[in-house]
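Hello,

Here is the structure for your files. My notes on it follow below.

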Amino acid sequence: MTIIELGEFLGSGMERKCFANPHNASSCYKISLKTQSKQTIREVNYFKYLQKKNITPSFMPKFLNFFELEDRFILEQERIRTTHSKKVILLREFLTTATKSDILALKRKLLDIKREMLDLNVIVSDMRTTNSFVILENKAITRIVFFDGYGPPTLIPLDKYFKFFGNQKINRQWNKFLKKINLEIPSSLKEIWDKDI
């Protein structure tokens with residue numbers, strides 16, 4: 001029988017609870033009841049699909065393992081956390097303390113991610129400022145990671161298999177994401193945010 005030892009409670013969403021892995025500081029467990037596991041199953045299937053295609057997007061945590069217990073599913077993935085050399089904060093929090101140069105750096109990094117998404121046809125169906133981490137090293141943005149919502153939620157996922165439909169989906173989701181950022185960005189930084197780079 002598989003036994004999973006849980007560490008520190010890290011947070012919870014509508015369907016899952018997240019815990020640290022006490023034996024590996026670089027991983028965490030997302031746990032869902034089998035009766036409430038729609039998101040977990042979709043994400044695990046998508047991770048495995050990307051693995052088969054040898055695709056490892058920079059903006060997604062690494063998929064490490066999947067366990068099935070009697071009444072629960074457990075997804076093990078890379079844990080994005082603050083260490084002595086890097087700081088990890090939610091995008092929403094980053095926006096509240098950002099300077100003009102921070103916003104320009106954020107725009108550049110987001111454009112890189114969008115290009116990567118379109119090139120690899122990788123879909124994140126729920127991009128929000130509350131489910132994305134900004135990773136800083138020496139106060140510079142080195143990575144942005146979306147920690148939920150991987151894969152298309154559609155019954156027949158044409159956007160998953162065909163780049164034409166996938167890119168349409170990505171562009172729609174991206175525009176929604178930018179609108180969410182635009183609502184949360186401080187008014188003093190709107191002019192910088194709205195400028196083309």
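Glu78 pairs with Lys62 in a salt bridge, with the closest N and O atoms 4.0 Å apart. (A salt bridge is a side-chain nitrogen of Lys or Arg within 4 Å of a carboxyl oxygen of Asp or Glu.) Glu78 sits in strand S5, and Lys62 in the loop between helix H1 (38-52) and strand S4 (63-68), 16 residues apart. Helices (H or I, at least four residues) and strands (E, at least two) are DSSP runs, numbered from the N terminus.

This is a predicted model: local features need pLDDT of at least 70, side-chain atom pairs count only at pLDDT 80 or more, and totals for chains, interfaces and linings use all residues. Residues are numbered from 1 along each chain as its sequence is written, and side-chain values use heavy atoms, with hydrogens and water left out.

Glu78 is buried, at 15% relative accessible area. Lys62 is exposed, at 52%. The cut-offs: buried is under 20% relative accessible area, exposed over 50%, partly exposed in between (1.4 Å probe, protein chains only).

Glu78 also meets Arg143 in a salt bridge (3.1 Å, N to O). Arg143 is in strand S8 (residues 140-146), 65 residues from Glu78. Both Arg143 and Glu78 are buried.

Next, Glu184 and Arg92 form a salt bridge (2.8 Å, N to O). Glu184 lies in helix H5 (residues 163-184) and Arg92 in helix H2 (residues 91-97), so the pair ties together parts 92 residues apart in sequence. Glu184 is partly exposed at 26%; so is Arg92, at 41%.

Arg16, Lys30, Glu43 and Asp148 are linked in a salt-bridge network. The salt-bridge count is eleven.

Best wishes
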